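Student: Could we go through this structure together? I would like to begin with the overall fold and then turn to the aromatic rings.
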Amino acid sequence: MHASLRRVYWWLIAPAVLLMLVFYIYPLIQVLWISVTDPVPGFGNYSELIDRALIHRIWITTIRVCVITTAITVVCGYIVAYAMAQVGERQRTWMMFCVLLTFWLSVLIRAFAWVMLLRTQGLINTGLQELGIIDEPLALVRNEFGVIVGMVHFMLPLAVLPIYSNMTGIQDRLVSAARGLGASPWVAFKDVYLPLSKPGLIAATILVFVFSLGFFITPALLGGGKVVMISEYIQVSFEETLRWGQATMLASTLLFSVFLSLALVARFVDLKKVFGAR
């Protein structure tokens, strides 16, 4: 009976496995194959990772923007999630609605909105000038600042949700017990609540950083061609310079970078527990 039930399970998941092989695994194999065969067989494309200063600069820019974005997003996400966990049910419902509302808006619309807000004649610069705070418009767009602002805005719900999900499992009486034993509010938070919320923090950090590595629309619009990240350079290699070997090499390297990041994190934490596996 057990063996027959197991066969039934395999038949149930077979369509999903087939779809994964056809629409995910096979294209990945094609990308890897092109990266070592175009324009000539070998690892010439990968040698550019070492030899080309342009690719070095693009990767450094990508890593710097992703790290800053992740740090700001996780800190802001923790604050929002903590507030959601502490308020009443009615306020929590409205806060969750506002967090989820961003998922209903196109990333393209949000990026254009930030362009309108941050540009030289935008609402922010105009308002600061009318208040007499600045004399000349600030450079808030077409630079890393604008890219980071737009990316943090997009990534924030991805940080709030896993952190809040973890916080809902933290029992309030543990903090109350610490306060009853003489701990100050800050000490009770630092020594009790924060360690218990660490799995949510780690999950949010991984999620935001991995998404940031391959982000395209927001950096392309808010960077204005002056902040080129790896995903935008892949698009240029595919569509403009037609260097498919270089483009697939960069795409493969991006994929390897995600796996490497997960492997490094896995050396210090149990990823199964972080993402809720039992």
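Tutor: From the N terminus on, the elements of the protein chain run α-α-α-α-α-α-α-α-α-α-α-α-α-α. That comes to 14 helices and 0 strands. Please note that this is a predicted model.

Student: What does the C-alpha trace span along its principal axes?
Tutor: The span is about 80 × 70 × 35 Å. Of the 278 residues in the protein chain, 33% are buried.

Student: And how much accessible surface does the protein chain have?
Tutor: The accessible surface comes to about 16900 Å², and 71% of that belongs to carbon and sulfur atoms.

Student: Now the rings. How many aromatic pairs does the structure hold?
Tutor: There are 10 aromatic pairs. One of them joins F43 and Y46, a tilted pair with 6.2 Å centre to centre and 55 degrees between the planes.

Student: Is F43 buried or exposed?
Tutor: F43 counts as exposed because its relative accessibility is 62%, whereas Y46, at 17%, counts as buried.

Student: What about Y82 and Y193?
Tutor: Y82 and Y193 form an edge-to-face pair, 5.2 Å centre to centre with 90 degrees between the planes. Y82 lies in helix α3 (residues 53-86) and Y193 in helix α9 (residues 185-196), so this pair ties together parts that are 111 residues apart in sequence. Y82 is partly exposed, with a relative accessible area of 31%, while Y193 is buried at 4% relative accessibility.

Student: Which residues do ring pairs link into a cluster?
Tutor: The cluster consists of Y78, Y82, W186, F189 and Y193.

Note on methods
Residues are numbered from 1 along each chain as its sequence is written. This is a predicted model: local features need pLDDT of at least 70, side-chain atom pairs count only at pLDDT 80 or more; totals for chains, interfaces and linings use all residues. Side-chain values use heavy atoms; hydrogens and water are left out. Rings of Phe, Tyr and Trp (its six-membered ring) pair if their centres lie within 6.5 Å; planes under 30 degrees apart count as stacked, over 60 as edge-to-face and the rest as tilted. Buried means under 20% relative accessible area, exposed over 50%, partly exposed in between (1.4 Å probe, protein chains only). Helices (H or I, at least four residues) and strands (E, at least two) are DSSP runs, numbered from the N terminus. Accessible areas come from the Shrake-Rupley method with a 1.4 Å probe; for residues, only the protein chains shown count as cover.
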